[in-house]
Amino acid sequence: MFKKMPRSVGIEATKLYEMLLTKGCDAGDAKLKVVELYSPPRVTKELGKLPILSLVAGSCFDLRMDASGRSWDFRREADRRECRKRIAKEKPYMVIGSPPCVDWCLLNVNFNHKTMDHAEVHRRETEARVLLDFAAEIYTMQLRAGRHFLHEHPASAKSWSHWSIRDLLQEPR
């Protein structure tokens with residue numbers, strides 16, 4: 001994934017890390033955390049292979065199973081609450097959000113939803129909104145704290161026009 005990172009990027013990240021250390025930050029605080037939301041460890045797994053980079057793996061909140069073997073179900077308020085707490089505690093530099101896009105994907109909606117029972121389509125769309133709105137809430141937490149997020153959805157996905165993402169796109173940062 002990161003094998004072709006330009007040397008200049010690694011050098012710049014290392015200088016930033018060293019500057020933070022010389023200003024009194026301890027090594028753990030000087031490294032910037034990256035958290036993955038709705039994703040198994042992908043980016044965070046690769047970060048461990050780049051000791052020169054001042055980014056470290058934070059939590060992964062996967063719907064199937066995270067690094068510790070736990071599955072997160074963000075349809076449940078208890079899991080959303082615990083995720084909020086962990087992100088607030090970790091203060092990650094970046095959250096990479098990959099909420100399920102199957103029910104936001106135009107191809108799926110245009111072909112598959114037409115053949116499904118109306119009640120099932122409604123259930124799936126409601127669930128998709130809950131998961132997307134939670135991702136947007138986490139992104140908003142990041143922005144309010146002066147941190148960053150990356151929303152990973154296809155450019156053609158309907159999610160980009162959903163109010164929670166549309167509102168984020170209006171943010172001046």
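Modeller: Happy to chat, and a definition comes first: rings of Phe, Tyr and Trp (its six-membered ring) pair if their centres lie within 6.5 Å, with planes under 30 degrees apart counted as stacked, over 60 as edge-to-face and the rest as tilted. This is a predicted model, where local features need pLDDT of at least 70 and side-chain atom pairs count only at pLDDT 80 or more, while totals for chains, interfaces and linings use all residues. Residues are numbered from 1 along each chain as its sequence is written, and side-chain values use heavy atoms, leaving out hydrogens and water.

Colleague: Thanks! How many aromatic pairs does the structure hold?

Modeller: By that ring criterion, the count is five.
One of them joins Phe61 and Trp72, with 80 degrees between the planes and 4.8 Å centre to centre. That geometry makes the Phe61 and Trp72 pair edge-to-face.

Colleague: Is Tyr139 buried or exposed?

Modeller: Tyr139 forms a stacked pair with Phe149, at 4.4 Å and 10 degrees. Buried means under 20% relative accessible area, exposed over 50% and partly exposed in between (1.4 Å probe, protein chains only). Tyr139 has 0% relative accessibility, so it counts as buried.
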